[in-house]
Amino acid sequence: MASNAPPYSRLMASVPYDGWCSKGGAWAASSFLPVGGLITALVSGHIEDTLTWQYILVCAGCFLVSFFVLALLAKYCGEYDFQIWALQHPRNPISVVWLTLLVCFQSLESCNNEWMHKRRLKYGSNFVCAGQVLLGEHEEVERTLTAPQARTYYLGQTRFIKRRCPGDDVKQRSTFLLALSDEGAGGDGSHAKFKGCMARYFFGSSDMVARRQDEVGRRMIDQLKKDYRERRADFFKLQGPLEMFVITYLTYVLFGIDLKGDDLKVMTDWLLGNGGTAHYMYPSGYLMNNTKLIDKVAAIYERAPALQMFEEGIAAHAKMTKQELARMMTAVIRIAGKTGTLQLLETVLGGRSMPKYKGEPTGQIDVTRAWDGLDLDNRDELKRFTIEVARLYPPVNAVHRVAQEDFTCDFNGRSVSFPAGTLVMVPVVFGNLDRDFWGPTVYELDHNRPKLSEHFLGFNSVGDRNAGRICPGRELTLDICADLLSELGRVRRLGCAASTVV
């Protein structure tokens with residue numbers, strides 16, 4: 001048990017008996033408090049540094065008991081109101097356990113845009129979900145994305161395990177960009193410095209631009225064109241042509257590594273298998289430890305041509321070391337580079353169906369047919385098409401921030417207050433589907449719609465406006481999408497022409 005777990009007497013005293021709790025909270029507390037101190041320590045993450053199998057077994061048993069007790073309580077009181085109460089009383093042991101369990105389940109559901117849409121239809125633009133307060137109007141999302149953000153170890157609505165994220169144990173500092181707060185929101189400035197280091201050697205490098213056009217880069221695109229002609233049936237499948245292109249092309253363009261042999265196998269295992277982001281996620285990360293594989297990936301990155309001239313001890317980069325940067329990039333490429341780029345490519349190339357938002361026409365959109373009508377020589381049009389597809393079906397549907405002060409929001413005409421420290425979900429998908437802002441055709445595909453490029457919410461920015469957290473790979477991702485829309489579009493049209501002649 002963690003040494004700072006509150007005594008049972010304090011736990012009992014901390015249970016409120018007002019409001020909904022008078023209905024069933026006392027019964028739930030008496031059922032669950034005998035193991036409350038241990039559960040609180042486990043689920044709040046205090047045990048991470050001393051985790052043993054004994055703790056895992058105890059935790060699993062406690063989770064089962066507490067889950068059934070709290071599930072009954074939630075059913076009796078209502079999951080939604082129960083979640084509001086728990087967020088308003090975050091230190092209560094019942095809240096700690098309930099919210100932890102809720103995050104484990106609802107965070108997966110809330111990654112589904114269709115599920116989120118149904119919840120918005122039921123509760124309005126603002127509601128609670130996955131242990132967070134969601135504020136979904138376009139104006140609110142835009143304000144968040146253009147202001148400094150306080151962060152913690154979450155990917156949107158998904159909780160991460162701190163010790164699984166990249167960092168330096170000797171210096172005792174984290175290099176996990178998603179969890180680092182901005183300097184204007186309680187951070188120490190390391191986020192901007194680490195990101196600046198990454199931009200210098202990768203996304204802002206002139207070598208990266210050159211590699212996209214050199215012989216190796218062109219060879220990879222030519223091979224993908226050939227695969228699109230000859231392997232259309234498995235083009236979008238697991239470890240199919242598109243997936244292999246994404247991991248080999250990104251690795252070459254960013255790092256200068258033309259993956260072959262053992263290096264290709266290591267990178268494929270990391271980016272396409274072995275649990276992927278589950279290594280970082282709570283609680284799956286306790287069961288899926290890919291540290292050894294990540295070490296191999298980091299070693300490949302360290303010897304990359306892109307880092308051969310790496311300078312140590314640069315104050316502007318918080319004296320980041322080559323090893324720190326390489327380890328940081330293992331997470332950047334796995335979580336954002338591969339996953340986000342691949343999903344967006346699959347969508348714009350017609351490999352994914354559009355979301356079936358209840359009562360809306362989005363699910364009927366034929367992206368491939370729209371692609372066939374584009375001017376393949378007009379890169380601006382191809383990028384606007386990519387942005388419009390991402391507006392309707394974003395690879396990342398939400399980000400998070402930590403409230404730095406108490407706040408009150410409107411829940412369908414009801415004012416509800418939450419304390420400082422509350423996790424706030426910033427649903428870019430809802431900001432991009434706000435009918436009041438985008439107009440009556442908001443759920444339709446129209447890459448010529450007014451205000452699209454300037455007000456698109458994505459890549460952690462509003463168009464080009466941001467507060468320093470804009471995705472460093474935004475331009476590269478849009479360029480790759482435009483390249484493939486153009487190159488594979490020509491293959492499609494040549495194929496159609498040949499079929500017509502025959």
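**Close-up views of a predicted model**

View 1. Helices here are DSSP runs of H or I with at least four residues, strands are E runs of at least two, and both are numbered from the N terminus. The buried set in H5 is Tyr 80, Phe 82, Gln 83, Ile 84, Trp 85, Ala 86 and Leu 87. This is a predicted model, so local features need pLDDT of at least 70 and side-chain atom pairs count only at pLDDT 80 or more, while totals for chains, interfaces and linings use all residues. Residues are numbered from 1 along each chain as its sequence is written, and side-chain values use heavy atoms, leaving out hydrogens and water.

View 2. H10 (residues 206–213) packs on H12 (residues 241–255) at about 135°, with the axes 7 Å apart. That angle makes H10 oblique to H12 (under 35 degrees is roughly parallel, over 145 roughly antiparallel, 65 to 115 roughly perpendicular, and the rest oblique). Axes are lines fitted to C-alpha atoms, for helices over the stretch in contact, and angles run from 0 to 180 degrees between N-to-C directions. From H10, Met 208, Arg 211 and Arg 212 meet Tyr 249, Tyr 252, Val 253, Leu 254 and Phe 255 of H12; contact means heavy atoms within 4.5 Å. Sorted by class, this contact has 6 nonpolar, no polar and 2 charged residues (nonpolar: Ala, Val, Leu, Ile, Met, Phe, Trp, Tyr, Cys and Pro; charged: Asp, Glu, Lys and Arg; polar: the others, Gly among them).

**View 3. H15 crosses H17.** Here H15 and H17 (residues 379–392) pack at about 105°, with their axes 10 Å apart. The two helices are therefore roughly perpendicular to each other. On the H15 side, Leu 344, Thr 347 and Val 348 meet Phe 385, Thr 386, Val 389 and Ala 390 in H17. The class count for this contact is 5 nonpolar, 2 polar and no charged residues.

View 4. Look for Ser 353 in the loop between H15 (322–348) and H16 (367–372). Ser 353 is exposed, with a relative accessible area of 57%. Along the chain, Ser 353 and Val 367 are 14 residues apart, and their C-alpha atoms are separated by 8.2 Å.

Technical notes:
Buried < 20%, exposed > 50% of the residue type's maximum accessible area, 1.4 Å probe, protein only.
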